[in-house]
Amino acid sequence: MRNKRNPPRQPLSQSRPKTASKKLLPARKTPKLLRGAPPSKPARGAGFRAPAAKRRSRGPSSRRAPAAERAPEIFDRLHEAYPDAHCALDFTSPYELLVATILSAQCTDKRVNMVTPALFRRYATPEALAAAKLEDLEEMIKSTGFFRNKSRSLVGMATAIAENHRGVVPSEMEQLVELPGVGRKTANVILGNAFDRNEGVVVDTHVTRVSQRLALTTNSDPVKIEQDLMRLFPRDRWTLLAHLLIEHGRQICVARTPKCEQCVLSDLCPSSRV
């Protein structure tokens with residue numbers, strides 16, 4: 001019998017379709033901006049751009065620009081800062097400059113200039129210097145340091161010039177570097193300052209330090225540094241370039257504590273502290 005109180009359930013297929021339940025949406029939160037909170041920073045994703053004030057240009061005036069782009073501006077600024085940059089050794093002839101340059105190894109130019117006047121009066125020509133007694137020469141140049149080695153180099157250099165070049169200092173790189181006590185650096189000094197010939201760049205301790213700090217080279221070997229500088233600067237600027245870098249190294253880009261606050265190249269120098 002059918003139970004009137006509990007009528008039979010209808011089959012599932014005939015049951016009344018259920019209505020889809022409404023999805024409850026989360027309550028809207030009040031924007032942070034309306035609650036007084038500072039706006040959140042944009043994510044550094046695609047399309048992100050730093051504020052205009054913080055963006056740096058990568059043009060020639062940027063310290064992040066390649067060395068080849070910065071080199072012309074570096075030269076121009078140094079030339080403006082040191083318009084009178086020149087060889088600090090006192091000389092009146094290629095012979096005198098050659099003697100002074102040999103003496104300047106591991107010695108200041110100021111000290112060499114104090115020694116050479118008396119030396120040039122006594123040994124005015126290569127022939128006179130070739131005939132010098134080593135003990136007399138050593139006594140005269142003792143204050144320049146390494147005086148025994150320098151004395152032998154001076155006498156050997158003067159003898160070679162007197163015997164092989166008729167007492168005249170040669171004006172070719174190949175002939176200069178064959179002289180005792182004369183390397184490529186000394187030859188560059190003579191050719192550039194006594195003969196006005198740009199055969200290379202003089203690389204001393206100042207040139208090495210400044211060119212490395214300016215990221216003009218990553219090398220420490222003087223020959224490789226010279227090659228890097230020769231590629232970056234026109235040939236007619238090679239001699240003056242060395243004088244400018246040396247002057248800047250003496251006055252501003254000193255070894256221990258460089259004066260970056262006073263440097264005219266601070267915005268071009270990757271090593272600048274300002």
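Where is the place of Ala215? Ala215 sits in the loop between helix 9 (205-213) and helix 10 (222-232). This is a predicted model, in which local features need pLDDT of at least 70, side-chain atom pairs count only at pLDDT 80 or more, and totals for chains, interfaces and linings use all residues. Residues are numbered from 1 along each chain as its sequence is written, and side-chain values use heavy atoms, with hydrogens and water left out.

**Overall make-up**

- The protein has 11 helices and zero strands. Helices (H or I, at least four residues) and strands (E, at least two) are DSSP runs, numbered from the N terminus.
- Along the sequence, the pattern reads α-α-α-α-α-α-α-α-α-α-α.
- Of the 274 residues in the protein, 38% are buried. Buried means under 20% relative accessible area, exposed means over 50%, and partly exposed lies in between (1.4 Å probe, protein chains only).
- Take the contacts between residues at least 6 apart in sequence: 57% of them join residues at least 24 apart. Contact means heavy atoms within 4.5 Å.

**Helix 2 against helix 6**

- Two packed helices are described by the angle between their axes and the distance between the axes.
- Helix 2 (residues 94-103) packs with helix 6 (residues 147-164) at an angle of about 155°, and their axes are 10 Å apart. Axes are lines fitted to C-alpha atoms, for helices over the stretch in contact, and angles run from 0 to 180 degrees between N-to-C directions.
- Helix 2 is therefore roughly antiparallel to helix 6. Angles under 35 degrees count as roughly parallel, over 145 as roughly antiparallel, 65 to 115 as roughly perpendicular and the rest as oblique.
- Helix 2 brings Leu98, Val99, Ile102 and Leu103 to the contact, and helix 6 brings Lys150, Ser153, Leu154, Met157 and Ile161.
- By class, the contact of helix 2 with helix 6 has seven nonpolar, one polar and one charged residues. Ala, Val, Leu, Ile, Met, Phe, Trp, Tyr, Cys and Pro count as nonpolar, Asp, Glu, Lys and Arg as charged, and the others, Gly among them, as polar.

**The nonpolar core**

- The largest nonpolar core has 64 residues. Such a core is a set of buried Ala, Val, Leu, Ile, Met, Phe, Trp, Tyr and Cys residues joined through side-chain atoms within 4.5 Å.
- Leu98, Val99, Leu129, Leu154, Met157 and Leu229 have the most contacts inside this core.
- Leu154 is in contact with Val99, Ile102, Leu103, Leu129, Leu137 and Ile141, leaving aside neighbours within four places in sequence.

**Helix 9 against helix 11**

- Helix 9 and helix 11 (residues 238-251) pack at about 85°, with axes 8 Å apart. That makes helix 9 roughly perpendicular to helix 11.
- From helix 9, His206, Val207, Arg209 and Val210 meet Ala242, Leu245, Ile246, His248, Gly249 and Arg250 of helix 11.
- This contact of helix 9 with helix 11 divides into five nonpolar, three polar and two charged residues.

**Single residues**

- Ala215 has a positive phi of about 60°, although it is not a glycine. Ala215 counts as partly exposed because its relative accessibility is 33%.
- Phe146 lies in the loop between helix 5 and helix 6. The phi of Phe146 is near 50°, a positive value in a residue other than glycine. Phe146 is exposed, at 54% relative accessible area.
- Arg77 belongs to helix 1 (residues 67-81). Arg77 counts as buried because its relative accessibility is 18%.
- Not counting residues up to four places away in sequence, Arg77 touches Val264, Leu265, Asp267 and Leu268.
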